[in-house]
Amino acid sequence: MRFGMCLMPLLSLLAGATQIEAEENPAVRIVWHANLEKGLALARQTNRPVFLVSGAPACLGVPGVW
Amino acid sequence: MEASRDWVCIRLLTYESESEYKYMEQLLGVTDGTLPNTVFCLLSPDGKTKLTRPTRGPSIFRTPENMAFQMKSLASRYKSAVPNSFVAPVPLVDRVDLAMNVAASDNRPLVVFYHPSSPDLKRLVDSSKPVVWDAELIGQFMYAATSSKEDLKAMVNASGDAGVYIVEPDEYGVSGKIVRHVEFDKVAESLKRELSRALVNFQPFQKNHQQHIRDGYVFGIEWETVVPESDPMSVQAKRRFKSRFNGMD
């Protein structure tokens, strides 16, 4: 069974982690904007570059996991 | 994580918006209707100039350390256009049900702003910006806002009173438990304190990816996307898994 197509590899690289674990609470976290139009408007307004990723919050149709 | 603070980090939800789906297809340069479920690209502040080749993931950087170094270096090219006092908007997920799912996927608590009047809801969200971006709370919660009482249904025992609901999603993000509610007229004085308390008490789930999916099938929990999933590998894997799972009956 393959789960490799989900967002986990990407998130793992971002977090420096290799497996799903409950993270330290609280830990330093990325603030994600979830709306393209609003995110790009903020980038233009602040003159900050854009870190864009996309992922589906469901794996094999099951929600609650990337 | 620290390097991300110099960037506007946008995480789109691949199959949850038709217009964003089209944007990502064009960005990646793939055939119509074949968007894979992950996309990665660094862009200049105009949102048009690509700083990296659009790909499915950031593996070009090889290590998190190198990625952070490159991100710092790229960000240093741009000078901030806003004063230090600038406070960014609240990073809202567009729908409450979707925000609940994202919060569960990230293993974070969810904050839902609710007011039946749209202008008052806007005031509520805007007035919360300094707390949302407070150094102790930044990035710790997912956020959504609604003026529809219907959207509160997934939150167990929601009173329907205007204000801010702090919610712990279930493992699958299909429902959530309200752990705190801040009344509309008490937000200014209480929101930061209540979010801090909720954070201290929050216990993230220990999730096993494969077990989570198996159990999801057992419980009949399935997520329906706005745009049909089009990642060929994922679609195939889902079909295979379903047929294998159903064959186990």
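The legends below describe close-up views of a predicted model.

**Figure 1. Secondary structure of chain A.** Chain A contains 2 helices and 3 strands. Read from the N terminus, these elements follow the order α-α-β-β-β. Chain A has 66 residues, of which 64% count as buried. When contacts between residues at least 6 apart in the sequence of chain A are considered, 36% of them join residues at least 24 apart.

**Figure 2. The largest nonpolar core, with residues from chains A and B.** This core has 22 residues. The residues with the most contacts inside the core are Val50(A) and Leu52(A) from chain A, together with Ile10(B), Tyr23(B), Leu27(B) and Leu43(B) from chain B. Several elements give two or more residues to the core: in chain A these are helix H2 (36-46) and strand E1 (50-55), and in chain B they are E1, helix H1 (18-28) and strand E2 (39-43). H1(B) provides the largest share, 5 residues.

**Figure 3. The surroundings of Val50(A).** Val50(A) is among the residues with the most contacts inside the largest nonpolar core. Residues up to four places away in sequence are not counted in this view. Within chain A, Val50(A) touches Leu40(A) and Ala43(A). Its partners in chain B are Trp7(B), Val8(B), Ile10(B), Cys41(B), Leu42(B), Leu43(B) and Ser44(B).

Figure 4. Is Ser4(B) buried or exposed? The relative accessible area of Ser4(B) is 6%, and residues under 20% count as buried, so Ser4(B) is buried. Apart from its neighbours within four places in sequence, Ser4(B) is in contact with Ile30(A) of chain A and with Cys9(B) and Met71(B) of chain B.

**Figure 5. Packing of helices H4 and H5 in chain B.** Two packed helices are described by the angle between their axes and the distance between the axes. In this pair, helix H4 (residues 118-132) and helix H5 (residues 187-201) of chain B have axes that come within 10 Å and cross at roughly 50°. H4(B) is therefore oblique to H5(B). The crossing of the two helices is right-handed. From H4(B), the residues Leu124(B), Ser127(B), Ser128(B) and Val131(B) meet Val187(B), Leu191(B), Lys192(B) and Leu195(B) from H5(B). Sorted by class, the residues of this contact are 5 nonpolar, 2 polar and 1 charged.

**Figure 6. Packing of helices H6 and H7 in chain B.** The axes of helix H6 (residues 209-218) and helix H7 (residues 232-247) of chain B are 11 Å apart, and the helices pack at an angle of about 60°. H6(B) and H7(B) are therefore oblique to each other. H6(B) passes H7(B) in a right-handed crossing. On the side of H6(B), the contact involves Ile213(B), Arg214(B), Tyr217(B) and Val218(B), which meet Lys238(B), Phe241(B), Lys242(B) and Phe245(B) of H7(B). The contact comprises 5 nonpolar and 3 charged residues, with no polar ones.

Figure 7. With a relative accessibility of 16%, Gly160(B) counts as buried. Not counting residues up to four places away in sequence, Gly160(B) touches Tyr114(B), Lys149(B), Leu152(B) and Tyr165(B). Gly160(B) and Phe205(B) are 45 residues apart in sequence, and the distance between their C-alpha atoms is 27 Å. Asn157(B) is also found in the loop between E5 and E6. Which of the two labels, buried or exposed, applies to Asn157(B)? Asn157(B) has a relative accessibility of 72% and therefore counts as exposed. Asn157(B) has a positive phi of about 60°, although it is not a glycine.

**Figure 8. Arg62(B), a residue with a positive phi.** Arg62(B) is located in the loop between E2 and helix H2 (64-75) of chain B. The phi of Arg62(B) is positive, about 65°, although the residue is not a glycine. Arg62(B) has a relative accessible area of 73%. Residues over 50% count as exposed, so Arg62(B) is exposed.

Notes: Residues numbered from 1 in each chain as written. Chains lettered and ligands numbered in written order. Predicted model: local features only at pLDDT ≥ 70, side-chain atom pairs only at ≥ 80, totals over all residues. Heavy atoms only, no water. Buried < 20%, exposed > 50% of the residue type's maximum accessible area, 1.4 Å probe, protein only. Contact = heavy atoms within 4.5 Å. Axes fitted to C-alpha atoms, helices over the stretch in contact; angles between N-to-C directions. Helix = DSSP H or I, 4+ residues; strand = E, 2+ residues; numbered from the N terminus. Parallel < 35°, antiparallel > 145°, perpendicular 65-115°, else oblique. Left-handed = near helix turned anticlockwise from the far one by under 90°. Nonpolar A, V, L, I, M, F, W, Y, C, P; charged D, E, K, R; others polar. Core = buried A, V, L, I, M, F, W, Y, C linked by side-chain atoms within 4.5 Å.
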